[in-house]
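Here is a briefing on the structure shown below. Read it with the model open.

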Amino acid sequence: MMIPTMRPQLQHHLRTFVRLFAIALLLSIPSSVHAHLVTTGLGPVYDGIGHFVLSLDDLLPVIAISLLAGMRGPRPGRFTLFLLPLAWFAGGLFGMQSHPAHTFPIQSISFMVLGVLVASNLRLPAEIVAAIAILLGAIHGYLNGGALSAAGPAAGTLELLGILAVIFVLVALVASFVIWLRWDWTRIAVRVAGSWIAAIGLLLLGWGLRGGNPL
Amino acid sequence: MAWLLAVAVALLWTQSAHAHIEHGQAAGFASGFVHPWSGWDHIAAMVAVGIWGAQLGAPAIWLLPVVFPMVMAMGGFMGLIHLEFPGGSKTIEIGIALSALLLGAMVCGDIHSKKPGFLIFAAVLVGLFGLFHGHAHGTELPPGQSGLLYSIGFVIATGCLHGCGIALGVIHRWPIGRVALRGVGAIIALGGVYFLWEAISGGGEAPKTSVAAVYLSIGLSLL
């Protein structure tokens with residue numbers, strides 16, 4: 001007599017357990033993740049801007065080349081303003097196709113070379129500054145393009161255009177500010193900033209060689 | 001009906017995303033920034049670099065703060081690739097203590113010269129001590145934190161300490177200010193004696209004469 005009354009209860013408990021288990025399973029399924037690309041919700045151009053602004057390994061070298069160009073005067077400043085974004089764009093398009101895998105020592109070398117050039121206040125001709133800007137843009141753009149393509153098939157040229165826009169604005173602001181500086185101590189402050197960037201690059205190289213988390 | 005509602009809620013629920021979560025990124029900057037402020041021996045030496053630069057005037061006032069972070073990063077790099085000084089950590093501790101002692105003595109004596117060779121001597125002295133400070137401080141990244149942000153925080157904090165020294169050194173233009181700076185130098189040098197004793201004795205108690213000398217120098221400089 002007990003079995004017929006127990007069976008529906010058991011079935012009820014079993015059903016409840018299965019339902020709860022199903023809900024728990026649904027809740028625990030991880031969603032897809034768009035790696036390394038900041039999603040602002042404002043569209044791909046702003047995603048690119050957000051990605052660049054939050055990527056200090058790209059941001060600091062651009063600040064450094066802007067300081068260098070600004071210290072050398074208006075002509076290198078103009079070269080850098082236009083050539084750096086163009087080289088970045090070309091490198092980015094190439095990087096989207098070839099998916100670079102390892103990026104580690106490149107950032108630290110960029111930091112060190114540009115930092116030392118700013119700190120030492122070398123009187124480089126405008127053409128050399130322009131060549132450095134092209135090289136920097138091509139290499140970092142190439143790495144950026146690879147990061148964008150790794151973030152998913154949706155990421156592409158519009159994100160890259162966002163990055164170019166922010167680079168153009170940043171170079172324009174920083175280089176023109178440094179050109180405007182007239183007092184000795186302000187130019188010394190720029191050189192000190194260069195030494196800091198070089199020091200950060202050297203430490204970054206050490207972290208990478210040690211096998212830790214360099215970025 | 002309740003069952004369907006529960007499933008709908010579950011499907012609409014924000015799901016957990018396990019990949020690429022970056023914990024401790026901002027903490028990397030904070031750790032790096034706090035590190036140079038964590039020991040009086042480091043603070044004393046770095047402030048002394050700034051003050052000495054201010055006493056020496058241009059071009060040393062910018063040369064020393066430019067040289068120190070770069071050579072300090074070289075010391076950090078040596079530590080990161082496990083390139084040790086002969087004698088290990090004891091040598092580093094003694095080097096740091098000597099930096100406070102000698103740089104404090106330079107400030108205390110207001111030692112300067114217009115000869116070009118003296119500028120090189122100052123840069124080499126500051127750079128040499130920068131190696132010890134970098135080796136001790138540049139290598140202690142807590143697990144999971146960003147090396148880049150740690151390095152940025154570390155270098156900025158060092159620059160801020162130099163800035164404090166240079167700002168303090170502005171009073172060098174007044175006669176009373178020059179005396180005060182020499183008093184600060186005396187405090188730093190005597191602090192260096194104390195740190196040197198600690199480094200040599202392996203963290204043992206400093207002799208009472210050394211502690212008394214520090215207090216005496218503080219009193220004299222206040223007077």
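Chain A has 8 helices and 0 strands, where helices (H or I, at least four residues) and strands (E, at least two) are DSSP runs numbered from the N terminus. Chain B comes to 9 helices and 0 strands. This is a predicted model: local features need pLDDT of at least 70, side-chain atom pairs count only at pLDDT 80 or more, and totals for chains, interfaces and linings use all residues. Residues are numbered from 1 along each chain as its sequence is written, while chains are lettered from A and ligands numbered from 1 in the order in which they are written.

**The two chains**

- Along the sequence, chain A reads α-α-α-α-α-α-α-α.
- From its N terminus, chain B reads α-α-α-α-α-α-α-α-α.
- Of the 215 residues of chain A, 46% are buried. Buried means that 20 or more other C-beta atoms lie within 10 Å of the residue's own; exposed means 12 or fewer, and partly exposed lies in between, with C-beta atoms placed from the backbone.
- Chain B has 223 residues, and 45% of them count as buried.
- In chain A, 86% of the contacts with a separation of 6 or more join residues 24 or more positions apart. A contact means that two C-beta atoms, placed from the backbone, lie within 7 Å.
- The corresponding share in chain B is 85%.

- H3(B) covers residues 40-56, which is 17 residues. The expected span is 1.5 Å times one less than the number of residues. That gives 24 Å for H3(B), and its end C-alpha atoms are 24 Å apart, so the two agree.
- In H3(B), 15 of the 17 residues are buried.
- The axes of H3(B) and H6(B) (residues 116-137) come within 11 Å and cross at roughly 160 degrees. Axes are lines fitted to C-alpha atoms, for helices over the stretch in contact, and angles run from 0 to 180 degrees between N-to-C directions.
- H3(B) and H6(B) are therefore roughly antiparallel. The cut-offs are under 35 degrees for roughly parallel, over 145 for roughly antiparallel, 65 to 115 for roughly perpendicular, and oblique for the rest.
- The crossing of H3(B) and H6(B) is left-handed. Left-handed means that the near helix is turned anticlockwise from the far one by less than a right angle; clockwise is right-handed.
- On the H3(B) side, the contact uses B:His42, B:Ala45, B:Val49 and B:Leu56. They meet B:Ala122, B:Val126, B:Phe129, B:His133 and B:His137 of H6(B).
- The residues of this contact divide into 6 nonpolar, 3 polar and no charged. Ala, Val, Leu, Ile, Met, Phe, Trp, Tyr, Cys and Pro count as nonpolar, Asp, Glu, Lys and Arg as charged, and the others, Gly among them, as polar.

**B:Val126 in H6**

- B:Val126 is in helix H6 of chain B. It is buried, with 26 C-beta neighbours inside 10 Å.
- Leaving aside neighbours within four places in sequence, B:Val126 is in contact with B:Val49, B:Leu64, B:Val67 and B:Phe68.

- H8(A) (residues 184-210) and H7(B) have axes that come within 9 Å and cross at roughly 140 degrees. The crossing is right-handed.
- H8(A) contributes A:Val192, A:Trp196, A:Ala199, A:Ile200, A:Leu203, A:Leu204 and A:Trp207. From H7(B) come B:Gly147, B:Leu148, B:Ser151, B:Ile152, B:Val155, B:Ile156 and B:Gly159.
- By class, this contact has 11 nonpolar, 3 polar and no charged residues.
- B:Gly147 is buried, with 24 C-beta neighbours inside 10 Å. Its C-alpha atom is 8.7 Å from that of B:Phe29, 118 residues away along the chain.

**Positive phi in loops**

- A:Asn121 has a positive phi of about 55 degrees, although it is not a glycine. It lies between helix H5 (104-120) and helix H6 (126-150) of chain A. A:Asn121 is partly exposed, with 16 other C-beta atoms within 10 Å.
- B:Asp110, also not a glycine, has a positive phi near 50 degrees. Its loop joins helix H5 (89-109) and H6 of chain B. B:Asp110 is partly exposed, with 15 C-beta neighbours inside 10 Å.
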